[in-house]
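User: Hi! I'm new to reading protein structures. Could you take me through this one, a question at a time?

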Amino acid sequence: PTDRPLHPGRRGRPAARGHAMAAAKQADALVELDAPTNMDAWLRVDSLREHTMETEIVLFSQRELRAFCKVAEALAVEDVELSDVEKALDGPNRTRDVEMGSKELARSGRECERDLRDAMTELRSISSRLEDAIIERKLDEGKGVFAKMTTRSAKDCVYDDFSAKVKKNWKSLLSRFPKSKSMSAEQYAVNTFIEATSTAFSYRDTKTLLLKFLQSSRVNFDTNRAVEYNHGRQNDKDRKKSEPVPGRIGIVIRKFTPISPETEFRVFVKDRRITAISQYFHHCFYPSLQGKESFIAETILRFFEDIISPVLPKTSSEKSEMSSTPPVVHLACSSFILDLIVNFAGKVQIIELNPFIPSTSGCLFDWAKDRMILENTFPERAPEVRIVKKNLVGSLAYLVPCWRREAKEWLDSLQI
């Protein structure tokens, strides 16, 4: 859900020493800001775990994290083919069959090649641990599993890349176009595209999962940033077990459960208070949401007061009043962005938490224009709720070219 800028200190970019140091400090600051909202941090809070999907986390060791980044980089610069990584994940005997592609790598001798093969061996270790977790927790019920990083998902590989599976699902949904007055054909195409992509987040095996993550720019941004942050640090030393650990990263696996896109909402929490609520898929118009703003606000506020507020960080006065009862694990931040599922029966589930920073999408809110709303400038006001009120003209522009062409072909076939 977060749309962060490209890594300012990415390898290969020339930079002055002062600029490079500033970029490194900025990257470190982002890692530390992210830590309290990473999934392995907030899932330690029992009451929050009870209100999300059944979840298991496989955290990377530092060695595995470096190995993941090494293979991802080799793929990006075409030192190795995706099919070669696939072979390596099939088993130790296949690793020896991997061919290195670049002349530069060949000139550098066998050491780089050996390092890359060692990295692929570490990937097999990650794959095995993921498989064990899925079997032990019985997370695959025949539909595959949902997976993301503890930081965020690999959704760029779903929305931005062509997929025959998504195309098939989308065409099936497009064939049911109702030609109703409430939904334009263009808007229906965008709505059903979002619905069709949901199955692409289901992974039938851990090899496919890892291959997809290795190609995700979002995942690679976060893993490289974690490697840079962890360099020379021992994060687990001198840190309480209840505290989030910056730079710790891994893969989250859940039972795959399709979610109706119109039930997803983004909730902005600043200084312990909800300031704004937005429809998550802000390029879509959902007739079913019209007139439901009060219900949405009341349901989310009630959930926040009952479930979230009691585990927010204690103020200094609250700490002084605490009794000697066993301590409850609390969240480590009082400002964050919460993604929720809210169905029309009033049930609420947590999808994830995100850092309260402008690089997290504001959905229907603009971080510049609506800053005073988002940042709790008017604490006496009720949270503002925004949903899309009508069909959006030009909504196909939100699709990448390969999907936009598919949509235009379908619109042309309607002859309207």
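Analyst: Gladly! One term to begin with: helices (H or I, at least four residues) and strands (E, at least two) are DSSP runs, numbered from the N terminus. Please keep in mind that this is a predicted model.

User: Thanks! How many helices and strands does the secondary structure of the chain come to?

Analyst: The chain has 416 residues, of which 49% count as buried. As for the secondary structure, the tally is 17 helices and nine strands.

User: Where is Asp-140 found?

Analyst: Asp-140 touches Ile-134, Val-145 and Arg-204, leaving aside residues up to four places away in sequence. The place of Asp-140 itself is the loop between α8 (110-137) and β2.

User: Is Asp-140 buried, exposed or partly exposed?

Analyst: Buried means under 20% relative accessible area and exposed means over 50%. Asp-140 has a relative accessibility of 34%, so this residue counts as partly exposed.

User: Which backbone nitrogen lies 3.0 Å from a polar atom of the side chain of Asp-140?

Analyst: The side chain of Asp-140 makes polar contacts with backbone nitrogens. One of them, at 3.4 Å, is with the backbone nitrogen of Lys-143. The contact at 3.0 Å is with the backbone nitrogen of Gly-144.

User: In the open sheet of four strands, what is the order?

Analyst: Let's start from the edges: β1 (55-59) and β3 (202-203) each pair on one side only. Next, β2 and β3 pair in the antiparallel sense over two bridges, with Phe-146 opposite Ser-202 in β3. Pairing in this open sheet is antiparallel, and the order is β1-β4-β2-β3.

User: Let's move to strand β5. How many of its residues are buried?

Analyst: In a regular strand the side chains alternate between the two faces of the sheet, so each face can be checked in turn. On one side of β5 are Glu-264, Arg-266, Phe-268 and Lys-270, and on the other Phe-265, Val-267 and Val-269, all of them buried. For β5 (residues 264-270) the count is therefore seven of seven, by the cut-off of under 20% relative accessible area.

User: Which residue in β7 stands opposite Phe-265?

Analyst: β5 pairs with β6 (residues 273-279) in the antiparallel sense over six bridges, and there Phe-265 faces Gln-279. β5 also pairs with β7 (residues 336-342), again antiparallel and over six bridges. In β7, the residue opposite Phe-265 is Leu-340.

User: In the hairpin of β5 and β6, which residue takes a positive phi?

Analyst: This hairpin has two residues between the strands. A positive phi near 50° is found there at Asp-271.

User: With which side chain does the side chain of Asp-339 make a polar contact?

Analyst: Asp-339 has its place in strand β7. Its relative accessible area is 2%, which means that Asp-339 is buried. At 2.9 Å, its side chain makes a polar contact with the side chain of Arg-266.

User: Which element gives the largest share of the lining of the largest pocket?

Analyst: About 1100 Å³ of space lies in this pocket, and of its 38 lining residues the closest to the centre are Lys-155, Tyr-159, Phe-201, Tyr-280 and Phe-281. Elements that give two or more residues include β2 (145-149), β5 and β8 (348-355). By class, the lining has 19 nonpolar, seven polar and twelve charged residues. The largest share, four residues, comes from α11.

User: And which element gives the most to the lining of the largest cavity?

Analyst: There are two cavities of 30 Å³ or more, and the largest has a volume of about 60 Å³. Its lining has three nonpolar, three polar and four charged residues, among them Val-31, Asp-222 and Arg-225. At least two residues each come from α1 (17-34) and α13 (217-230). With three residues, the most comes from α13.

Note on methods
Residues numbered from 1 in each chain as written. Predicted model: local features only at pLDDT ≥ 70, side-chain atom pairs only at ≥ 80, totals over all residues. Heavy atoms only, no water. Buried < 20%, exposed > 50% of the residue type's maximum accessible area, 1.4 Å probe, protein only. Pairing = 2+ DSSP bridges. 1 Å grid on protein atoms, 1.4 Å probe; cavity = no way out; pocket = protein on both sides within 12 Å on 5 of 7 lines; lining within 4 Å. Points joined across faces, edges and corners; volume = space filled by probe spheres on them. Nonpolar A, V, L, I, M, F, W, Y, C, P; charged D, E, K, R; others polar. Contact = heavy atoms within 4.5 Å. Polar contact = N/O pair within 3.5 Å; in protein donor to acceptor, adjacent residues only side chain to side chain.
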